[in-house]
Amino acid sequence: MPYHRYRPYEQRVHVPVGQDRAWPSARLERAPLWVPVDLRDGNQALAEPMDTARKRRFHDLLVAVGYKEIEVGYPSASRTDFDFVRHLVTADAVPDDVTPVVFTPARADLIDRTFESIEGMPRAVVHLYIATAPVWRDVVLRRDRDAVRRTVREAAERMARNAARHPGVRFQFSPETFNLTEPDFVLELCDLLTEVWDASPDRPVTHNLPATVEIATPNVYADQIEYFHRHLARRDAVILSVHPHNDRGTGVACAELAVLAGAQRVEGCLFGNGERTGNVDLVTLAMNLYAQGVDPMVDFSDIDRVKETVEECNRLPVHPRHPYAGELVHTAFSGTHQDAISKGFAHRAHHPDEPWQVPYLPIDPADIGRSYEAVIRVNSQSGKGGTAYLLRTRHGLDLPARMRPDFSRVVQHRTDDSGREMTPKELYDVFHSTYVVPDGEVGLEAWSVRPEGAGTRFVCTLRTADDRSGDYEGTGTGPASAFVDALAAAGYEAAVLDFHEDGRLAYAECRVGGVTAWGAGEGPVQAVLSAVNRAAR
């Protein structure tokens, strides 16, 4: 592959790095301000952009989850976006504790159109953007730094004049392609707008620094963010925001390291929708904090409802392996994983007040509205722990420890042959057909027990291999041993090696003529009969 055509990031942009980096030793101890951009950035990446009805449904979901600042559209880009912003105003759909954000390029007519869309809104953030990196300036805009600076100043001043009629408006600036732009130029533009907009602690400006296209490892982005965190003018009047994309697959890491480096606000999309490989995933970011014992300030306790709404509005599926929300993320097929999870649940049953510690499950699935039913599933990779766990939790059968490897081999043989997963019902059916064998070489046509001294007398009619019936008796300490004695009288020497009951079935391991087998039945006698028939078979 022609790798020589590409340059490392340090040959494309200067990244100032001090000797006193603080972000590597910082800790994530509180949630930043999350700002979903699904209704704008996410929407423009869809093959079928959302109409007003789908946008409203998505907006209401974001409000219900708990987001307090929501980018609601790009009203100068299309009639649909403009109409949706007007719908939010006329329907009084924005709660008092939520601030909408509207997006505009640095063009006078489009800025005016944007302010027209928010007429009557009690509060809003108007978000100005322009591409600033050299290749965009040279190839796309065909403007030098001075021309871009003039454009930005003129746009900011026009926004300030428009805002005179809208006392609830605040401002945001995004130097698009920030991570590829000369740091001194971005700093100059940001400080210029902080001054033009006269930012103050009680009316701060948001400076949003996008990794519009990822170009380096997340630590490089953290260095860039920390530089601006330390050098922005009027820092107490600036909300430092980030907007990572996922071109290198490291959007989540970029956002987390950026917060360590001083970012206070993160823009992204639910489940990582967005242009190309998508925006950073706000669900994963929030749940990562949750799994560290930090309040994410949003509510994903019914994550399947959130996922279903997003899938229907975006008309895109969420991958079954997507962190936290995917259909399979809490599912184990591997035998060793299943055994560990099963033991973890058993330990937790006796220590419910301990912090969550179950192997292979970073959070309790119940915390996000999931049941434990799909945690363990069975295929050819599964082991004794998984099959036993499913029989116990789904069917109330608690197999003896020595019986589990035997049943696991039966299951593996079946799944190897079929090449597919075995459902819990199929698992039970295989167990029943394998171990409950009332008819075979020996049939128990009638039987009764009665006390005799300190033990039990067993009287029965047996049908044997030659299809002849006969009456037999035996004695023992209980029904099972008395039945074994009766079998001996019929010519079947059997020894019970292990025996258990779980309240639903009885399980017996027997040796008959040098062959050892397990059997199960509704009681001790039926379990021994099944084991004898399996051994004989």
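**Salt bridges and overall form of a predicted model**

At 49% relative accessibility, D20 counts as partly exposed (buried means under 20% relative accessible area, exposed over 50%, and partly exposed in between, with a 1.4 Å probe and protein chains only). D223, by contrast, is buried, with a relative accessible area of 6%. D223 lies in helix α8 and R21 in the segment before β1, so this pair ties together parts that are 202 residues apart in sequence. The two residues form a salt bridge, with 2.7 Å between the closest N and O atoms; the term stands for a side-chain nitrogen of Lys or Arg within 4 Å of a carboxyl oxygen of Asp or Glu. R21 itself is partly exposed, at 41% relative accessibility.

Residues are numbered from 1 along each chain as its sequence is written, and side-chain values use heavy atoms, with hydrogens and water left out.

D20 also has a partner: its side chain meets that of R230 in a salt bridge of 3.1 Å, N to O. Because R230 lies in helix α8 (residues 218-231) and D20 in the segment before β1 (33-36), the pair links parts that are 210 residues apart in sequence. R230 is partly exposed, at 40% relative accessibility.

Another salt bridge joins R305 and D302, whose closest N and O atoms are 3.8 Å apart. Salt bridges that share partners also connect E69, R170, R265 and E267 into one network. In total, the structure holds 37 salt bridges.

Turning to the whole protein, there are 17 helices and 14 strands, which are DSSP runs numbered from the N terminus (helices: H or I, at least four residues; strands: E, at least two). The radius of gyration is 34 Å, well over the 24 Å that the globule rule gives for 537 residues, so the protein is more spread out than a compact globule. This radius is taken over C-alpha atoms, and the rule is 2.2 Å times the number of residues to the power 0.38. Along the principal axes, the C-alpha atoms fill a box of roughly 110 × 55 × 45 Å. Of the 537 residues, 53% count as buried. Among contacts (heavy atoms within 4.5 Å) with a separation of 6 or more, 66% involve residues 24 or more positions apart.

How values were computed
Predicted model: local features only at pLDDT ≥ 70, side-chain atom pairs only at ≥ 80, totals over all residues.
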